[in-house]
Amino acid sequence: DEQLRQMKEEDLDVAVFSYLKKKGYKQAEKIFKQESKLLSLEQLAFNTNVDANISNLISYYNSSEVFSNYEDSYSALCDWVHGSLELYRNDMMTLLYPIFVHCFLDLISRGSTEEGMAFLNKHRVDHDYRYSAEINRLQSVTTPQHLQENELAQTFRKNKFNITLSSYSFELFVAFLQDSKFMLLLSIVNHYLNIKIVSGQPSANEEESKALTGNTNQDINALHQKVVFLGVEQASLVDKDSKDEPVVVEAPDPKRMKQEGTQQQGTPVRKYKTPAEEAESKSRVHHPKLPAALEQELQEDLRKRILLSSNTLPSICFFTFLNTYQCLNAIEMSADASMIAAGFSDSVIKLWDLKRDSHKIFPDRNGPRKASAVGDVANTTTSTAGASTANGATKKSPTDYHLLQGHFGPVYGLSFTPDHQFLFSASEDTTVRLWSTEYKKNLVAYKGHNHPVWDVSCSPLGHYFATASHDRTARLWSTDNIFPLRIFAGHLSDVDCVKFHPNCNYIATGSSDKSLRLWEVNTGECVRIFTGHFGGVNTLAISPDGRVLASGGEDKNVILWDIGSGKKIKTLQGHKKTIWSLDFSAEGSVLASGSADNTICLWDINKARSGSTLNLNLQADNPSLLKLNNNTNNKESSTSIGDMLAMFATKKTPVCSVKFTRRNLLLAAGSFQGQSG
């Protein structure tokens, strides 16, 4: 009775109308419909703002029919979707998971625990391959009180799924609801789904994830109309006509440009940016000037950089950490390969200075090296008790690494400054600390988050850094202030990773809510929302030209996004387990990914962006390497690993971190896991 009193008058009218229709009182039904001005089923279907909780009200009059209503309605919907034409099947498959979740939550909210669990266990098999982690979390919800306390359940109840259907698919769906009189499904659609109808044929692609973002399709489309400036200033340092000598662009002088334009053929002409290009590439965030020594180092790295392609793959240096499995949380390597830092569960950070202490870490570096990895991979093992060389010789010395102590909880994120003079660390103790890599001391503790901090990222130009936290926010900081400058709020769950855009105007974040967001640093506003993952997002990378965003996570997929349009470019499939790390090569032509499946994959970004693919097959004699194959009839390989250049496998070391140096040497690291059960 109390629940009925809380219902709106419109809901009561709809319930009475449904009751009259069910009993066959046609005359009373006609008169009541005229007097109450109720909408028809078609109008209800097209009007997602109508609060039509019809079947819920009817079920209060006959509680014994509750489970059968949900079970019969959802089973009929599944049979109808799976029996539809293949052209429309993938389009309508997106409806099943959100309806499945809300059928289960409705049963639990009524106190029908046994029926709800029976429904969940019967139909979860259709969704486990994509959403097993979420379903396992929902399985713990067994009472209405649990429903109010469970964070994921409340996220589902308070936000709508954004579903995109073609116009004909939507017409078929409405016709199905009308013919079958499934008022219960209509109620769920009206309350918890936000359907966007698009013209044309449905997409032939596989079912895509529909993550909850808290924003409607209209809101997301409006965000994607905002202008973003993606150019980078570093791109102006190189003359495209010269592959060897970097050329600095100066202020344009019309007379000088005219004179240089009349030079004899074969003399390189200096390239100048247009005002529009200059405005696009200019950083709108104030940064202190880079030290002269760092600029000189960047120029030297630029001259010695190796250009990568499908025929020229990078050399890989892999660092294996021994005796650290399940206690090593984060690994960070400097861009010049001079330092490695590792964060541990016992709240300490260990720092290896590979240049200064090279005679201790690599006692036999000038002697012969023993090959110990697949392909062109150099392998170096590192132990917390001492350093181990490739030939097995171990020199136990307390000075092999530098111990940084100051946190009071596990360390989950690390980031070097561009000049590798400082190191940021993020911890469960809710703080971020700044360390001097020269003096090996803690300089500042930044406090602002109320919950554990999962990740930290330093700006490409230094001075600023960003953090990601369990409190569902990302924050912008500067080294000279102990309080945050911006708070980026909008995600519905933990913000797990954060990354600066190369021009420092934007920050990208990835979350456990399966979405990514792009934030403008100056205003703190969200300018892009990306959805497409089936699990939490663990890692991000942005191409050096600032136009492509790569993401990887629990669904084992690497997804490329066009930042300008906010659309997906391509999904790269090949890993068998969670992806933990991504990084672009210095010129952006190759993407490296590291995974818990003990592999490093190299992806051809130029092929992926152009839409063409290569077919690859595993070689039977060497399963750790992938080779090019000219077989164009293998559909599976073209869709799964078509843009993969190569795969490198370790024996029993999950790849926790990958990073390209400025000269395109690929560094990778992981914790040796020993015997597996």
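How many of the residues of strand E32 (residues 644-649) are buried? I looked this up and found that E32 is mostly covered, with five of its six residues buried, where buried stands for under 20% relative accessible area, judged with a 1.4 Å probe on protein chains only.

I note that this is a predicted model, in which local features need pLDDT of at least 70 and side-chain atom pairs count only at pLDDT 80 or more, while totals for chains, interfaces and linings use all residues. Residues are numbered from 1 along each chain as its sequence is written, and side-chain values use heavy atoms, leaving out hydrogens and water.

Next I followed the pairing of E32: strand E29 (residues 599-604) is joined to E32 by five bridges, and the two run antiparallel. Strands are DSSP runs of E, at least two residues long, numbered from the N terminus, and helices are runs of H or I of at least four; two strands pair if DSSP finds at least two bridges between them. I saw that Cys601 has Met647 in E32 as its bridge partner.

Then I turned to an open sheet, whose four strands come in the order E23-E24-E25-E26 with antiparallel pairing. Its edge strands are E23 (537-542) and E26 (567-573), each of which pairs on one side only. Between strand E25 (residues 557-562) and E26 I found six bridges, in an antiparallel run, and Asp562 stands opposite Lys567 in E26.

Methods: Buried means under 20% relative accessible area, exposed over 50%, partly exposed in between (1.4 Å probe, protein chains only).
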